[in-house]
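Hi there,

Here is the structure I promised to pass on. Have a look at it first, and then read on for my notes.

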Amino acid sequence: MIEHMFEVKRFTREPSPIMLMRVADELPAIQRGWEHFENLVGLRGRKFYGVVDDRAGEYHVCTAVRSDDPTDHFGLETGELAGGTYLRALLQGEPPAVYEHIGPTARHLHTLATADETRHDVEFYRRHDEIEIWMPVR
């Protein structure tokens, strides 16, 4: 069973350094990207994010940079997960079924407020069965 919890309440976060891999914003490419990325950086103790860049047609598979990461960052690109104010929706459910609800949930958030077009939507993978969808707002 998938549960949706929509919170119109805003939250603000500071920007944070990330490692990322760019893939096409298409489901097969995203699935392959996640598998490769997780095998490369490992799962234990990681915070994972997905960032959707609609304008570039890209999806960024990301993880927070940790102090114990190699200096070459596994050969990955480095960047910053944007700070600022977001609206948040929480999805709860078992994978892979929960993943089918990410897109519709993000689209629903966009009906609740005006998005800040200078930043991207973010998926934060809190646990294997909990995903937060963040929409940037001003």
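Predicted model: local features only at pLDDT ≥ 70, side-chain atom pairs only at ≥ 80, totals over all residues.

**Salt bridges**

R22 counts as partly exposed, because its relative accessibility is 41%.

R46 and D69 form another salt bridge, and here the closest N and O atoms are 2.5 Å apart. This pair also links distant parts of the chain: R46 sits in the loop between α1 and β3 (48–53), while D69 sits in the loop between β4 and β5 (77–81), 23 residues apart. R46 has a relative accessibility of 10%, so it counts as buried. D69 is likewise at 10% relative accessibility and therefore counts as buried.

A further salt bridge joins the side chains of R127 and D129, at 2.9 Å from N to O. Its two ends fall into separate classes: R127 is partly exposed, with a relative accessible area of 46%, whereas D129 counts as buried at 14% relative accessibility. There is also a network of salt bridges, which links R88, R126, E130 and E132.

**A buried glutamate**

E123 is buried yet has no salt bridge. How far away is the nearest side chain of opposite charge? That side chain is R107, and the distance is 9.7 Å; a salt bridge would need the nitrogen and the carboxyl oxygen within 4 Å. What E123 does have is polar contacts: its side chain makes one with the side chain of Y59, at 2.6 Å, and another polar contact of 2.6 Å joins it to the side chain of Y125. If we leave aside neighbours within four places in sequence, the residues in contact with E123 include F48, Y49, G50, V52 and I102, as well as I131, E132 and I133.

**Aromatic rings**

The count of aromatic pairs comes to eleven. One of them brings us back to Y59: W34 and Y59 form an edge-to-face pair, 6.4 Å centre to centre with 65° between the planes. W34 lies in helix α1 (residues 27–41) and Y59 in strand β4 (residues 58–64), so the pair ties together parts that are 25 residues apart in sequence. W34 counts as buried because its relative accessibility is 11%, and Y59 counts as buried because its value is 2%.

F124 and W134 form a tilted pair, with 5.7 Å between the centres and 45° between the planes. As F124 lies in strand β7 and W134 in strand β8 (residues 130–137), the pair ties together parts that are ten residues apart in sequence. Both F124 and W134 are buried. They also belong to a cluster, in which ring pairs link F11, Y49, Y86, F124 and W134. One member of that cluster, Y86, has R119 lying over its face, at 4.8 Å from the ring centre.

Methods. Residues numbered from 1 in each chain as written. Heavy atoms only, no water. Buried < 20%, exposed > 50% of the residue type's maximum accessible area, 1.4 Å probe, protein only. Lys, Arg positive; Asp, Glu negative; His and termini not counted. Polar contact = N/O pair within 3.5 Å; in protein donor to acceptor, adjacent residues only side chain to side chain. Contact = heavy atoms within 4.5 Å. Phe/Tyr/Trp six-rings, centres within 6.5 Å; stacked < 30°, edge-to-face > 60°. Helix = DSSP H or I, 4+ residues; strand = E, 2+ residues; numbered from the N terminus. Lys NZ or Arg CZ within 6 Å of the ring centre and 35° of its normal.
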